[in-house]
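Reader: I would like to learn how to read a protein model step by step. Could you take me through one slowly, giving the general idea before each case?

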Amino acid sequence: MKISSRSFLFWVGITLTTLLGGDVRAAKIRHQAIVERVGWEVSGGSAQIVVSVKGAVDFSSHTAPPDKARGLPPRAYVDLKPARLGSAIARQPIKVEDGLVERIRIGQFDKTTVRIVVDLRQPALFDVRTAANPPRLILSLRQPPPKASG
């Protein structure tokens, strides 16, 4: 009987899962990045939120309009995956009370996703970039340019 490499890998995966049971899932969780610190700076119509991360992580950035029914202001948020919150991260909202940013909320959205939400006082331009030394994610927010009258 000839076994293709694809079939062989599938068989090995099934065998390891059967032999190791839940340990396979636990091994994956151990390799999650850890969000160690979240800091911010605000200055004259702009804000920068710096997220210190230990380990490799992917991110996706989003914005959300105000939700008056739920009492939520405009928001910008970032999902970090696979990641978990470090023990030193505050679980309560961080009040910033700047002209642009109202507060920052940080939470474990699901088992592998950390979500950082920035509640805004007004809609803002939002940009996310990474830096390597030390590893961190930088969220930059700034007021949009004034609309031209006319």
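**Reading the model**

Author: The secondary structure of this protein consists of two helices and ten strands, where helices (H or I, at least four residues) and strands (E, at least two) are DSSP runs numbered from the N terminus. The model is predicted, so local features need pLDDT of at least 70 and side-chain atom pairs count only at pLDDT 80 or more, while totals for chains, interfaces and linings use all residues. Residues are numbered from 1 along each chain as its sequence is written, and side-chain values use heavy atoms, with hydrogens and water left out.

Reader: In what order do the elements of the protein run from the N terminus on?

Author: The order is α-α-β-β-β-β-β-β-β-β-β-β.

Reader: How should I read the pairing of strands, and what is the order of the strands in the open sheet?

Author: Strands of a sheet pair through backbone hydrogen bonds, either parallel or antiparallel. Here two strands are taken to pair if DSSP finds at least two bridges between them. The open sheet has five strands in the order β3-β4-β8-β7-β6, with antiparallel pairing. Its edge strands are β3 and β6 (94-95), each of which pairs on one side only.

Reader: How many bridges join β4 to β8, and how many join β3 to β4?

Author: Strand β4 is joined to strand β8 (residues 113-120) by six bridges, and R75 stands opposite D119 in β8. Strand β3 (residues 58-64) is joined to β4 by seven bridges, with H62 opposite Y77 in β4. Between β7 and β8, which also run antiparallel, there are eight bridges; I104 has V118 in β8 as its bridge partner, and a hairpin of two residues links β7 to β8.

Reader: Is strand β4 enclosed or open, and why?

Author: The word buried means under 20% relative accessible area, exposed means over 50%, and partly exposed lies in between (1.4 Å probe, protein chains only). Six of the seven residues of β4 (residues 75-81) are buried, so this strand is largely enclosed by the rest of the structure. Strand β8 is likewise largely enclosed, because seven of its eight residues are buried. Of the 150 residues of the protein, 31% count as buried.

Reader: Which residues is Q32 in contact with, leaving aside its neighbours within four places in sequence?

Author: Contact means heavy atoms within 4.5 Å, and on that basis Q32 is in contact with P82, A83, R84, K111 and T112. The side chain of Q32 also reaches the backbone oxygen of K111 at 2.8 Å.

Reader: How are pockets found, and which residues line the largest pocket?

Author: Rolling a probe the size of a water molecule over the atoms shows where empty space is left. On a 1 Å grid over the protein atoms alone, a pocket is an open set of points where a 1.4 Å probe fits, with protein on both sides within 12 Å along at least five of seven lines, and lining residues have an atom within 4 Å of a point. The largest pocket is lined by R70, L72, R75, Y77, R105, I106, G107, R115 and V117. The elements that give two or more residues to this lining are β4, β7 (101-110) and β8, and β7 gives the most, with three residues.

Conventions. A polar contact is a pair of N or O atoms within 3.5 Å; within protein, one must be able to donate a hydrogen and the other to accept it, and residues adjacent in sequence count only if both atoms are side-chain atoms.
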